[in-house]
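Subject: Structure handover

Hello,

Please find the structure we spoke about below. My notes on it follow.

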Amino acid sequence: MRERTGGAARLPLVAALVAVACTVPATAAYAATSADGIDTVVALVNQEREEAGCDPVTINSRITTAAQDHSQDQADMGKMTHTGSDGSTVGKRATRAGYDWRKIGENVASGTTSPERAMQLWMNSSAHRANIVNCAFRHIGVGRVGGYWTQDFGTPR
């Protein structure tokens, strides 16, 4: 699979604003994410946030559901996009997953199964980096299906 690019600047990723809420402690369910590289993405996000002077984001089960479902939807459609096959936006998907948000953000990527490479692509894009180091975000959910990645960031109401 190749990395997908788009936009005038031919960015390897696409970003959009989104919000979601509900925190989950590190449990067996969280530990199960290590095989997919999701825990690695969360750790790398928090490393970048620390360097930027932000508090770490915590995993939220509802945003995670929204992110995972969107990664599955992208894989089913065979394309990287912020718009769901049903026309949904990140805000609509977060709300549908039960996250009552005030601020929401989303990063998507495709073409790699490496969490480190996905993070590298996001950090090399100013729009994606802005979501990652936005100190207003409190929660994160990460989904991956094959080479389709979704990071959803949220601040609850």
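**Arg144 and its strand**

The side chain of Arg144 has a polar atom 2.9 Å from the backbone oxygen of Asp36. Please keep in mind that this is a predicted model. Arg144 belongs to strand β4. Is Arg144 buried or exposed? Its relative accessibility is 15%, and the cut-off for buried is under 20%, so Arg144 counts as buried.

Strand β4 covers residues 139–145, and seven of its seven residues are buried, so β4 is largely enclosed by the rest of the structure. The residues of β4 point two ways: His139, Gly141, Gly143 and Val145 go one way, while Ile140, Val142 and Arg144 go the other, and all are buried.

**Neighbours of β4**

Which strands are joined to β4 by bridges? One is β2 (residues 58–59), which runs parallel to β4 and is joined to it by two bridges. Within this pairing, His139 in β4 is the bridge partner of Thr58.

Another is β5 (148–156), which runs antiparallel to β4, with seven bridges between them. Here Thr150 in β5 stands opposite Gly143. The two strands β4 and β5 make a hairpin, with two residues between them. In that turn, Gly146 has a positive phi of about 60°.

**Helices α2 and α5**

I also looked at a pair of helices. Helix α2 spans residues 38–51 and helix α5 spans residues 115–123. Their axes are 9 Å apart, and the helices pack at an angle of about 35°. The crossing of α2 and α5 is right-handed.

Which residues make the contact? From α2 come Thr40, Val41, Leu44, Val45 and Glu48, and these meet Pro115, Glu116, Met119, Trp122 and Met123 of α5. By type, the residues of this contact comprise seven nonpolar, one polar and two charged. An α-helix has 3.6 residues a turn, so residues three or four places apart point the same way.

**What covers α5**

Helix α5 has these buried residues: Pro115, Ala118, Met119, Leu121, Trp122 and Met123. What lies over them? The cover includes α2, β3 (101–110), α6 (126–132) and β5.

Regards

Notes. Residues numbered from 1 in each chain as written. Predicted model: local features only at pLDDT ≥ 70, side-chain atom pairs only at ≥ 80, totals over all residues. Heavy atoms only, no water. Axes fitted to C-alpha atoms, helices over the stretch in contact; angles between N-to-C directions. Helix = DSSP H or I, 4+ residues; strand = E, 2+ residues; numbered from the N terminus. Left-handed = near helix turned anticlockwise from the far one by under 90°. Contact = heavy atoms within 4.5 Å. Nonpolar A, V, L, I, M, F, W, Y, C, P; charged D, E, K, R; others polar. Buried < 20%, exposed > 50% of the residue type's maximum accessible area, 1.4 Å probe, protein only. Pairing = 2+ DSSP bridges. Polar contact = N/O pair within 3.5 Å; in protein donor to acceptor, adjacent residues only side chain to side chain.
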